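Visitor: Could you walk me through this one? I would like to start with the inside and then move on to the charged pairs and the surface.

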Amino acid sequence: QEPDKISRMMDILQNNLGHTNLDYIEMAKIQLSSQDIIKQRFEFLSDCPEFTTHVSEFINAIKNNVEKIVLAMNACLSQASIRNTDIDLIILTGGSTQIPYVYNIFKSMFPRAVISDSNKMDSVGLGLAYDAMHRFAEPQYTK
């Protein structure tokens, strides 16, 4: 029903442009964290389409995943038998925590907590390193 979209997908697949496409999408995500509306021209595609995206479209696209995070946080609080107001420090990690919608969810869910968001990306790498150490290191190195 939409041959132009199929043609673009074939262009991406046949010319190994998947990472380039993801770079453009990541750039849009970053821009939508500080702007309400963006225009992007996908110059790497043969038909060079231009898209306009509003932040509300972006929020609608991520809303279900953010709701799953909220459910997981509530379950964690419940299992620990503590209230959200008992939390005094939240450490945000990863690039998605820079999205104002996501940040504001944490801020409203933990109103008394200080939110630490320094070293967002370093903490992802450090967490992966600790996980790898526990999974694969010799026992004397996991102490």
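Guide: What follows is a short tour of this model, which is a predicted one.

Visitor: Okay, the core then. How many residues does the largest nonpolar core have, and which have the most contacts inside it?

Guide: The largest nonpolar core has 19 residues, and those with the most contacts inside it are I62, I87, I90, V102, F106 and F110. At least two residues of this core come from helix 3 (55-80), and at least two from helix 4 (100-109).

Visitor: Which helix gives the largest share?

Guide: That is helix 3, which supplies six residues, the largest share of this core.

Visitor: And what does I87 touch, leaving out residues up to four places away in sequence?

Guide: With those left out, I87 is in contact with L77, I82, F110, R112 and A113.

Visitor: What is in the second core?

Guide: The second core is separate and consists of six residues, among them I12, Y24, F42 and F44.

Visitor: Switching to charges: how many salt bridges are there?

Guide: The structure holds six salt bridges. One of them pairs D4 with R8, where the closest N and O atoms are 3.9 Å apart, and another joins the side chains of R8 and D47 at 2.9 Å, N to O.

Visitor: How are D4 and R8 placed in helix 1?

Guide: D4 and R8 are four residues apart in helix 1, so about one helical turn separates them. In terms of accessibility, D4 is partly exposed because its relative accessible area is 40%, whereas R8, with 17%, is buried.

Visitor: What about D86, which residue does it pair with?

Guide: D86 forms a salt bridge with R83, and their closest N and O atoms are 3.1 Å apart. Here D86 is partly exposed, with a relative accessible area of 40%, and R83 counts as exposed at 55%.

Visitor: Which residues are joined into one network by shared partners?

Guide: Salt bridges that share partners join D4, R8 and D47 into one network.

Visitor: Now the strands. Do strand 1 and strand 2 run parallel or antiparallel, and how many bridges join them?

Guide: Strand 1 and strand 2 run antiparallel, and five bridges join them. Within this pairing, K39 stands opposite T52 in strand 2.

Visitor: Last topic, the surface: which residues make the nonpolar patch?

Guide: I6, M9, M10 and L13 make a nonpolar surface patch of about 400 Å². Of these, M10 is found in helix 1 (residues 3-14), and M10 counts as partly exposed because its relative accessibility is 38%.

Notes: Residues numbered from 1 in each chain as written. Predicted model: local features only at pLDDT ≥ 70, side-chain atom pairs only at ≥ 80, totals over all residues. Heavy atoms only, no water. Patch = residues over 30% accessible without salt bridge, like charges linked within 9 Å, V, L, I, M, F, W, Y side chains within 5 Å. Areas by Shrake-Rupley, 256 points an atom, 1.4 Å probe, with all protein chains shown as cover. Salt bridge = Lys/Arg side-chain N within 4 Å of Asp/Glu carboxyl O. Buried < 20%, exposed > 50% of the residue type's maximum accessible area, 1.4 Å probe, protein only. Core = buried A, V, L, I, M, F, W, Y, C linked by side-chain atoms within 4.5 Å. Contact = heavy atoms within 4.5 Å. Pairing = 2+ DSSP bridges.
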